[in-house]
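Dear colleague,

Here is the structure I promised to hand over, with the sequence alongside. My notes on what was found in it follow below, and I would be glad if you read them with the structure open.

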Amino acid sequence: MSFSNLTRRGLIKTSAAAGAGLALPTYLSAASHAGYTNAPQGDTVTLGFNVPQSGPYADEGADELRAFELAVEHLNGGGDGGMMQTFSSKALNGTGILGKKVEYVTGDTQTKSDAARASAKSMIEKDGAVMISGGSSSGVAVAVQALCQEAGVIFMAGLTHANDTTGKDKRANGFRHFFNSYMSGAALAPILANEYGKDRKAYHLTADYNWGYTTEEAVRSSTEAFGWETVNAVKTPLTQTDFSAYIAPVLQSGADVLVLNHYGGNMVNSLTNAVQFGLRDKMVNGKKFEIVVPLYSELMARGAGANIKGILGSQNWDWKLEDQLGSRYSGTNAFVQSFGTKYGFPPSQAAHTCYVQTMLYADAVTRAGSFNPCAVVEALEGFEFDGMGNGPTLYRADDHQCFKDVVVVKGKENPENEYDLVEIVEVTPADQVTYAPDHEQFAGGSLGSCNAGA
Amino acid sequence: MFGLSKRDAGLLFVVALLCLFAPFILNPFPEGSAMAQFNGGYPDLMQRLVIFGIFAIGFNILFGLTGYLSFGHAAFLGVGSYAAIWMMKLLTMNVIPAIMVSVLVAGLFSLLVGWISLRRSGIYFSILTLAFAQMSYALAYSVLTPITGGETGLQPKHTDPRILDGALPAGQSPRANLFGLDMKASTQLQLGDWVFTFNAGYYIAAAIMLVAFYLSIRIFRSPLGMMLRAVKSNQQRMNYTGLNSKPYTLAAFVISGMYAGLAGGLLVAMDTQVGAERMFWTASGEVVLMTILGGAGTLIGPILGAGFIKYMENIVSKINDNVLHGWFSFMPDGIENFMVTIIHPFVGKGWHLTLGLLFMLVVIFLPGGLVEGGQRIGNLFKRKKADPKSPDGTTTTPAE
């Protein structure tokens, strides 16, 4: 059976078509813009806010978007200015960025790295965004950060907690204000040793993906340094909703502390199961059984309800910080007030980090006097600032990670309202959570050099 | 031409024209106008349109011809992607080896999956493929983290070995290329207020899609295609006549798996990263939607369906309240807010809802997909032309 009916005319036609097809790419050469990708034209500048609007972290995404809108309003001179009043750098004056009015585009990451990249690419290629921010998981953060590096725009990470974002996957064009797994471990360990004693046996349940691994490793090494023993560490599938089968063996293991390296719905379910099994009423080795959740969030606390009471964990920021611990954390109240006035409830830590990232970017551009990513990178590297709600903070040049105090919190016994679910136990100062840039938990990456694109 | 009938050659020609002029067709609105929101002619979306077109064409070879509904095709796409990125990490940033190896690896993997799954048909086959795909996803997401990068996926880094490429110049990140031609290279044409972008990567992907489309036409018209249709219409009768249908269905399965691998490899070539979500069951479901929406079993349907869904996903999901307020700003305040409230649930994060509604409309009123819609419109005109003398311009429709 043959389909070829080769004629002279057919052959000529075919080769002409093939030739045209092959010739096509050669005359398409790179666009030769001077300077850098998406240099703002006219009197506006476009920022891209890429947040999860659907999927498991949609609530956090919605809160991030609120914070971004508030930040843009403040940058353009609207509202009460929020943290611009308390920010130690006074470069911003409410006339946009470098006199250009700030506009923004939004997209849905769906908490999938493919969707997040598609959305970010359309912001860069279609809308001309010069900076991308947002996101609520480390997978997305790493994927979008790599994209921004290739495209030559700045990436200001939103909520991403895994070590990898500023560890093995760090990039010169990417910056993270949020804290990380190592800091959680380092901040929690001394307080755990204080509260629960130094001869504890810990049992880890770890969500089976990168963030879970880095968090387990961080908590493990920090607590073991204080004399704790790790009895067992079990990985749980990310899609697990019923953790009973994983909780039952904990009782037989002789452990007296359960560490739940879970986030979001995972954490809500595993904690609920653990409390239902009566773990917290048990006495093991003559000590009261305890549960620890390394990464806390307001939205998770709301989901877990009464089960969260008395459980220790760490946070990047909390809206009650300045009220309870004084003016070291100035900026907190200014932000909570303008957020509360606009939306009617206090902001989450995801909202805080996104707001601060936008302000830091705007400030860096203003100080550098240019939107050129390389100039912005230079302005942000080694930048020390204050008045953004976390106390004195350093953007370290070696890995583009912010170093600041870490808040250790506990589920409140008698919450007054649905936004007041956690109480601040202590704040671990920044120097206790600082690590060397080449620390083993962050090894294997390199920033490379900044890319300004076309 | 090319061993095709006149009709098929015409179809291929139309698709080729559409691909060639996509930058114009997808950018009908001038820059800066309110309607510019609906412009889709930027490189990333154009690339996605043709790549998912390939994916759907391949899926249609299995589903459209044999009727076997695979619910795990995203696994082959993902496996192809991982193979491609490893080629880029280890061998060279040139896309040729990456694409070839992705097709090969996806072909082998689909041979394995098909060998096992094709022992059953109907719903059991669908569930088996779904199980394989979810298994691959779970493996890639956690167990195989050292190979797949797990949650954070894989991207080329400047520290990768890449034995065929020379050392990168300082300060450069590795870029996918075809013998030096950067996939991201674009040139822009400005005509008045209109800006059209021509992207090298897009044209390469489009050329490959045309080849893939041509091959699929040949398969549809071949004896193999006939045999596959026979499987769809009555497999039992076929077996009773003494024919073993398994080699045919397996061949179709592997071919469509290779198409998926090709799409996966191209995705990496255009955007150098892989994440495990690519293999999630929703991604497998998406290609089923694409094929049905466009018209299963038709040649061009899957391409239309893929284009439709990707366009919705990328354009409608980006319309936020701000944009809506911009559109309706000419109205009085009360009505403006009312209009925004009405439309709000259907755009932005609500794009799934809009897509679902459209899908229902298509399935209910155009069971043959978008292709049937096109045919109906075509028939409308043809009938008028064929019968110009009928007094009121209408004709009686014969009962079917």
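B:Phe179 counts as exposed, because it has 8 C-beta neighbours inside 10 Å, and the cut-off for that label is 12 or fewer. Please keep in mind, here and throughout, that this is a predicted model. B:Phe179 lies in the loop between strand S1 (177-178) and strand S2 (181-182) of chain B, and its phi is positive, at about 45°, although it is not a glycine.

A residue in the other chain also has a positive phi without being a glycine: A:Asn38, with a value near 55°. A:Asn38 sits in the loop between H1 and strand S1 (44-51) of chain A. Is A:Asn38 buried or exposed? A:Asn38 is buried, because 25 other C-beta atoms lie within 10 Å of its own, and 20 or more are needed for that label.

Turning to chain B as a whole, you will find 16 helices and 4 strands in it. Its radius of gyration is 23 Å, close to the 21 Å that the globule rule gives for 400 residues, so chain B is as compact as a globular protein of that length. The C-alpha trace of chain B spans about 75 × 65 × 45 Å along its principal axes, and 48% of the 400 residues of the chain are buried. If one takes the contacts in chain B between residues at least 6 apart in sequence, 74% of them join residues at least 24 apart.

Two buried residues of chain B may be worth a look while you have the chain on screen. B:Tyr82 is placed in helix H4 (residues 74-90) of chain B and is buried, with 27 other C-beta atoms within 10 Å. Leaving aside residues up to four places away in sequence, B:Tyr82 touches B:Thr148 and B:Val274, while its C-alpha atom is separated by 7.7 Å from that of B:Ser102, 20 residues apart from it along the chain. B:Gly294, in helix H11 (residues 281-294) of chain B, is buried as well, with 29 other C-beta atoms within 10 Å. Again not counting residues up to four places away in sequence, the residues that B:Gly294 touches include B:Ala56, B:Pro302, B:Leu304 and B:Leu370. The C-alpha atoms of B:Gly294 and B:Val79, which are 215 residues apart along the chain, are separated by 26 Å.

Chain A has 14 helices and 17 strands. Its radius of gyration of 25 Å is close to the 22 Å that the globule rule gives for 454 residues, so chain A, too, is as compact as a globular protein of its length. The C-alpha trace of chain A spans about 90 × 70 × 40 Å along its principal axes, and 57% of its 454 residues count as buried. Of the contacts in chain A with a separation of 6 or more, 72% are between residues 24 or more positions apart.

Chain A is divided into domain 1 (44-179 + 321-400) and domain 2 (182-315), and the contact between them takes 12 residues from domain 1 of chain A and 13 residues from domain 2 of chain A. On the domain 1 side, the touching residues are 4 nonpolar, 5 polar and 3 charged. The C-alpha centres of the two domains lie 30 Å apart. From the record, UniProt places the feature "domain: Leucine-binding protein" at residues 44-412 of chain A, in an unreviewed entry; over those residues the chain is 41% helix and 20% strand.

The two chains also touch each other: 48 residues of chain A are in contact with 48 residues of chain B. On the chain A side, the elements that give two or more residues include helix H1 (8-23), strand S2 (101-108) and helix H6 (210-225), and by class that side divides into 16 nonpolar, 20 polar and 12 charged residues.

Helix H6 of chain A deserves a last word. Its 16 residues should span 22 Å at 1.5 Å a residue, and its end C-alpha atoms are 23 Å apart, which agrees. Because 13 of the 16 residues of H6(A) are buried, the helix is largely enclosed by the rest of the structure. H6(A) is followed by A:Gly227, whose phi is positive, near 100°.

With best wishes

Definitions and conventions:
Residues are numbered from 1 along each chain as its sequence is written. Chains are lettered from A and ligands numbered from 1 in the order in which they are written. This is a predicted model: local features need pLDDT of at least 70, side-chain atom pairs count only at pLDDT 80 or more; totals for chains, interfaces and linings use all residues. UniProt positions are given in the numbering used here, feature names are shortened, and annotations may be inferred rather than shown by experiment. Two residues are in contact if their C-beta atoms, placed from the backbone, lie within 7 Å. Ala, Val, Leu, Ile, Met, Phe, Trp, Tyr, Cys and Pro count as nonpolar, Asp, Glu, Lys and Arg as charged, and the others, Gly among them, as polar. The radius of gyration is taken over C-alpha atoms; the globule rule is 2.2 Å times the number of residues to the power 0.38. Domain bounds come from an automatic or database domain assignment. The expected span of a helix is 1.5 Å times one less than its number of residues.
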